[in-house]
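Please open the model in your viewer and keep the selection tool at hand. The tour below goes from stop to stop, saying what to select next and what is there.

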Amino acid sequence: MQRIKAYLRAMGAIVWKDLAAELRSRELLTSMLVFALLVILIFNFALELDIKARDSVTAGILWVTFAFAGTLGLNRSMASEKDRGCLDGLLLAPVDRSAIYFGKAIGNLIFMFIVEIIVLPVYSVLYNTNLFQPGLILVILLGSIGYVAVGTLLATMAVQVRTRDIMLPILLFPLAIPVLIAAVKASNGFLQAIPLAEILPWLNLLIVYDIVFIATAFMVFDYVVEE
Amino acid sequence: MAEKPHLLKILDILTLVLMFIATGLVFFYAPVEKIMGLVQKVFYFHVANAWVGMVGFTVAAIVGGIYLWKGEKKWDIAGFAAIEISFVFFLIAIVSGSIWARPAWNTWWTWDPRLTTAAIVELIYAAYLLLRRGVDDPDRRERFSAVYAIFGFISIPLTFVSIRLMRTIHPVVVGGSDAAAQGGFSMIAPMKVTFFFSLFTFSVFFVDLLWHRIRLGVLENKVEELRWSVD
């Protein structure tokens with residue numbers, strides 16, 4: 001019990017540190033947000049989003065936006081640890097290494113959620129659709145968890161690589177394909193009001209993906225930060 | 001560098017002989033398929049290539065796990081060798097599949113589960129090769145490669161299932177029900193012999209190449225160690 005408490009406290013401290021740093025600099029969230037809005041803007045011109053096309057591609061646009069903005073955030077969040085030697089400091093701390101992973105992952109997840117919470121109403125207003133549906137929120141929750149779970153681990157690797165600015169998307173996107181497909185399909189299902197029985201396989205897939213990759217990342221994180 | 005082992009020399013010759021026989025079987029023994037004609041013959045080597053690709057990726061994931069557990073360099077060399085070879089074989093499988101698909105499906109490419117998964121798998125291992133090139137420190141490179149090989153391998157079934165939930169038109173050769181409608185066919189005895197002989201041949205070919213590549217990897221490692229000792 002004592003150990004679990006200490007573990008949670010270490011995790012919480014890292015999340016708190018990330019949030020406090022972000023509150024002061026605001027560089028991560030602002031850049032993620034501006035980037036997300038730009039992506040939506042570009043899609044508007046690229047796809048000629050008239051009222052007909054909108055219904056079928058909304059889910060896709062949302063997830064491309066989240067994925068791109070998420071990559072930006074993941075990269076920045078790990079790079080700032082690496083640049084200022086914070087990662088070494090964290091590793092010196094007498095806590096389980098996986099607590100560092102979960103702390104960073106939860107921090108990244110919170111940033112991603114904040115961006116999503118702002119993008120949803122903006123998209124709703126710009127394209128006159130209602131995106132605030134409980135089903136869609138659930139999909140966004142599950143999808144973001146899987147994306148960030150893999151992304152945090154790969155970002156930790158990517159920032160230690162010579163070509164680090166370009167490495168994260170190359171490593172992350174092929175592995176994130178299942179989560180993106182399932183999330184797009186499930187989001188689309190909820191937006192088009194398809195019966196729940198047909199959406200369920202996609203939700204199951206998202207849950208399986210989340211569990212499998214959180215478990216794997218938990219097991220291998222030690223090897224990624226070892227010096 | 002140690003002298004080339006006798007067993008490897010024998011394996012080289014065996015691979016060569018098997019390759020000749022397999023090619024002969026494909027061209028002269030296996031009958032021409034009734035509907036698709038000659039182009040169906042690409043199938044024997046196509047499946048064998050894809051098979052070798054998947055075997056190599058599986059080997060790399062297992063070996064990656066062993067590397068993380070034991071931390072010995074030889075496992076990293078073996079894993080890298082397996083992925084490099086399989087990357088090429090898998091590419092050949094994709095291209096030969098395209099050659100078959102053009103007359104059979106009337107298109108070079110279609111977004112069917114197996115084709116899409118194959119393309120994504122190829123990209124995963126392209127990322128693996130890029131990752132390796134991006135890390136200078138050997139110890140770190142080995143750990144990262146092992147982790148990525150495991151991650152990539154785990155994601156393959158998930159990718160396949162996620163795309164499979166949409167429809168497929170790829171023929172299911174073993175155990176398919178309405179295969180003929182998708183350009184599939186049922187194999188008669190000489191076809192089966194050729195098919196399984198090709199699989200066997202390519203498996204031997206893979207082992208032979210893997211052995212050579214591991215020996216090359218050991219050499220590379222020596223060169224790198226020398227370079228570090230000079231710096």
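Helices (H or I, at least four residues) and strands (E, at least two) are DSSP runs, numbered from the N terminus. This is a predicted model, in which local features need pLDDT of at least 70 and side-chain atom pairs count only at pLDDT 80 or more, while totals for chains, interfaces and linings use all residues. Residues are numbered from 1 along each chain as its sequence is written, chains are lettered from A and ligands numbered from 1 in the order in which they are written, and side-chain values use heavy atoms, with hydrogens and water left out.

Begin by selecting Ala193(A), in the loop between helix 7 (164-191) and helix 8 (196-225) of chain A. Its phi is positive, about 55°, although the residue is not a glycine, and with 63% relative accessibility Ala193(A) counts as exposed (over 50% relative accessible area; buried is under 20%, partly exposed in between, with a 1.4 Å probe and protein chains only).

Step back into helix 7 of chain A and select Ala176(A), where the helix bends by about 55° and Pro178(A) follows within four residues; the bend is the angle between axes fitted to the seven residues ending at a residue and the seven starting there.

Next, select Arg26(A), which lies in the loop between helix 1 (2-25) and helix 2 (27-47) of chain A. Arg26(A) also has a positive phi, near 55°, and is exposed, at a relative accessible area of 52%.

Now select chain A and chain B together. Which side chains meet in a salt bridge at 3.1 Å, N to O? They are those of Arg162(A) and Asp136(B), a salt bridge being a side-chain nitrogen of Lys or Arg within 4 Å of a carboxyl oxygen of Asp or Glu. Across the whole interface the rule finds two salt bridges. In terms of contact (heavy atoms within 4.5 Å), 28 residues of chain B touch 32 residues of chain A. The two chains bury about 2700 Å² between them, with 77% of it on carbon and sulfur atoms; buried area is the accessible area (1.4 Å probe) that two parts lose on being put together, summed over both.
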